[in-house]
Structures are given as C-alpha cells and as structure tokens.
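Colleague: I have the structure open and would like to go through some details with you. Shall we begin with the ligand?

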Amino acid sequence: MNSILIKNCNIINADNQFIGDIYIENGKISKIDSRLSLNADKIIDAKNKYVIPGGIDPHVHLNLPTNVGNSSDNFLTGSVAALRGGTTTLIDFVTPKKSQSIVEAYKLRVEEAKQAKTNIKLHVSPIEYTSTTEAEMTELVENYGVKSFKIYLAYKNTVGLNDDAIVKVLEIAKKLNVLVTAHCENGDLVEYMRNNFIKQGNTSPLYHKLSRPPEAEADAVNRMILYSKFIGTKIYIVHVSSRKSIDLIQQAQKQGVKIYAETCPHYLLLEDSVYEQDFQKSAKYVLSPPIRKIEDRVNLWYAIKKGIVHTVGTDHCPFNLKGQKDIGINDFTKIPNGAGSVEHRLELLYTYGFLKRIIDMKKFVEITSTNVAKIFGLDSKGIIKEGFDADIVVWNPDFEKTISVKNHYQNCDSNIFEGFKTKGIAEFVIINGKIAF
Ligand code: URP
Ligand code: ZN
Ligand code: ZN
C-alpha cells in the first residue's frame, strides 16, 4: 500500500490546529488541504478524532544488559508496545563495555536495533575518557550522523564518568556542535548512602528512595549547568524528578544557559508512598531518580506548562519482578533500576494532562513529539506538514481502558501504572506511510 488518504482530520501541531485532509504517498505527507479528492489505496475517516504527529520517545533502554539479564523488552517487543501507544520513533542508547570502542559499540547496536518496528535513533555514551574518545566522537558525528551523547553522573562503578572526563566530553561536544544529555545524581553520595543503609540492615526498596534524595539530583544538575555555562555546550537533563532541579534549570535558562529538560510519566503521576509497601509491591518502583513527593509532581506539571521542561520521555527500562527485581529481596542495591511505560506515555499525558485541563492539545503534541524532533535534529519528523515523514496517529478521544499487565503489550510481569484508568487511544498508527496498528 503506497497511498493513504485521511479525511476530515482535526490536525494538531505544536503551533497550529486546523481541519483538513491528508494525502500520504511513498512514506511522506505529500499533500494537505481543506478537501482532497484523490484516489488512494486506503481511505481513513478521522471525523471526531485528533490527528497528531507520531510520538517520539527520547529516552528508552531496550534490551539493556545488566547483571540480572537484559531489560525485559527487546527492540521487537518494546517497539511494538510503543507503536500500540502511538509512538513511532524511539531514541535508545549505545552503552559500550569498558575499553570497547564507541564506534564499534554503535555499529553493533544499530544491528541489534534492526529488530524494531519503529524508527530508532541512538544517543551514544562515552563511559570513560581515553586517548581515542575525541576521534571516535568526531567520527560518530561526521560519518554516522550521531546528534547527541549521554553521560551518567551516577553509577560510577559501571557507566558513570568522573568530573574531569565530563568536562572533556563536554568540550568535544561543543566543538562538534552536538548536544550532551545527562543522568544527574551525585553518584558518590548515593553510593555512600546505599552502603550505609545496607550496613545498618535497612534493605527494603524504601531505602532506594532514601539513598537518592532530591539534593543528590540537584547537586549534579547544578554541576552540569556550571559546566555548560563556562564551556558553552548545549545540555539536556534527562528524567528530571524534583522541584529543586527545576528551580536550578529555570534560573539557568533565565541566564541564557543552553539547557533543555525532560521528565517522565512516573514523576508526573506517582508519589513516593509507593515505596511504603511490601517488597512484591514496591520493587517495581525501584528506578532512578526515585519517585518523589506530590509537591515535586505539581511543580513538574507547572514546568511543562511554562516551557522549562521541554519533553516527556519514558526512560522505558522494564525488568520482571520474578527472576530480575526479586534478586534484591534482601538487598535493595541488587534490584535492577528501571521500569517501563513506552506504551502508555501518550494515553497517560492525554488523560491526566489534557483532559484534566493542565495542558492543551498543542502542548501535548509539543512535549511528546515536536520538541524531541527539534532538540535531537530529526528534521523531517514531529510536525504534520507537506514533505514531512508520514508518522501520524489518528487519536480516538473516547476509548476508555484500564492499564494492566493483563492487557499490556510491554514484555514485563508488572506495570507501574497498574489500575490507572485512561481515556483516548491511538486508533490508527501510521509509520513511514504504512499502517502499523
Ligand atoms: O532507573 C533507571 N532510570 N534505569 C534506567 C537507566 C537510567 O538511569 O536511565
Ligand atoms: Zn538515568
Ligand atoms: Zn534512562
């Protein structure tokens, strides 16, 4: 099927909204007009539906290797779950092994990602600074089109960088005019707190939260701001979870620092009492930074409205309770960090953002698609416009369901949004001009 005509669309872009018909040919949006009478292989009537750009999730970890096995969604299962939820592009990561070339790791990850049914882009993580790092980062940008690097200020014994290495990576990225994304937590403090809690016999998931306070996040955010201010690199703070961090980011933006921010559905919708339950119920919320307090949650919504936070990514990194999370039954530090929501990002933001009148539909499109495309240089995505890629979602605003492991597409035996009621669903998902769902 090479052509699709979508009739009677209520088209929502981040900066405009209009009624019209969309003609798709050979993977592209070839024509938009108030009324189109063209032959097509498939005609969709979108009356009473929203038509929005395919979602772009800027932060997922499919098939992430850890010492309890890989995250439970691979490129196939995770991408199918993403499509089910209306997301047509995922940005995953290249995380090399110690002393592995980042170019080599990039090429291997590209091969692995061929399983995916969505479009895939990759951020690349230098996990150490060596004599070849500059040449390899340059090669990735110039020959492979890499647009962003990722650094970790936590997880020092696996992927985290020390500050001298961070400064060098930022300097190279500045020369290459690319973005550096950062996981911000003070890893040394977190490590000290974790070890101390375990020594004291405090082993439950509650101590995961207590060992990673908002101050540890804010300290790392503050350092990234400082480096960006004096080195001049554009930075993007991933999974911002707390008010303290938002205040710093807002202040920096006012001073002209080139800083973008992302948050995740779990920081917008859950609260830290989730850790005050027994292991079977609380282990699924062991993710970093941890779920914060209601006041943080309220502030994150405010930051989205004000444009301080630009994107909502899922940090999709699920692990099964049985055989993965439960390895930490007697020691929370052994529980693999992460949870999944790639399938639910759009329906949650629509239900709890738009329908609750916190954001409008344009903002919904901006944070789930358009801003991600702009920030990460996906030049032909994120807008419904002639000449752009035909990644389009026909959104049925009336469909109601309850999120559950019983009906989700994600490959995981638990769901952090279990029992959440949602309204609205991706009824048709078109990716590169083809109907996927
Ligand atoms: O807990 C999390 N977020 N796991 C995935 C890796 C990361 O830190 O983003
Ligand atoms: Zn992270
Ligand atoms: Zn992550």
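Modeller: An N or O atom in the side chain of Tyr155 is 2.7 Å from an oxygen atom of ligand 1, where a polar contact is a pair of N or O atoms within 3.5 Å. This is a predicted model, in which local features need pLDDT of at least 70 and side-chain atom pairs count only at pLDDT 80 or more, while totals for chains, interfaces and linings use all residues. Residues are numbered from 1 along each chain as its sequence is written, chains are lettered from A and ligands numbered from 1 in the order in which they are written, and side-chain values use heavy atoms, with hydrogens and water left out.

Colleague: How far is the polar side-chain atom of His61 from an oxygen atom of ligand 1?

Modeller: That distance is 3.2 Å. A polar backbone atom of Gly338 lies 3.4 Å from an oxygen atom of ligand 1.

Colleague: How much of the accessible area of ligand 1 does the protein cover?

Modeller: Ligand 1 has 260 Å² of accessible area on its own, and the protein covers 96% of that (Shrake-Rupley method, 1.4 Å probe).

Colleague: Which residues are around ligand 1?

Modeller: They are His59, His61, Tyr155, His183, His239, Leu287, Ser288, Asp315, Cys317, Asn337 and Gly338, each with a heavy atom within 4 Å of the ligand.

Colleague: Turning to the backbone, is the peptide bond from Ser288 to Pro289 cis or trans?

Modeller: The bond is cis, with omega near -10 degrees. Pro289 sits in the loop between α10 (279-282) and α11 (294-305); helices here are DSSP runs of H or I with at least four residues, and strands are runs of E with at least two, numbered from the N terminus.

Colleague: And what is phi of Asn26?

Modeller: Phi is near 50 degrees there, a positive value in a residue other than glycine. Asn26 belongs to the loop between β2 (17-25) and β3 (28-33).

Notes. A polar contact is a pair of N or O atoms within 3.5 Å; within protein, one must be able to donate a hydrogen and the other to accept it, and residues adjacent in sequence count only if both atoms are side-chain atoms.
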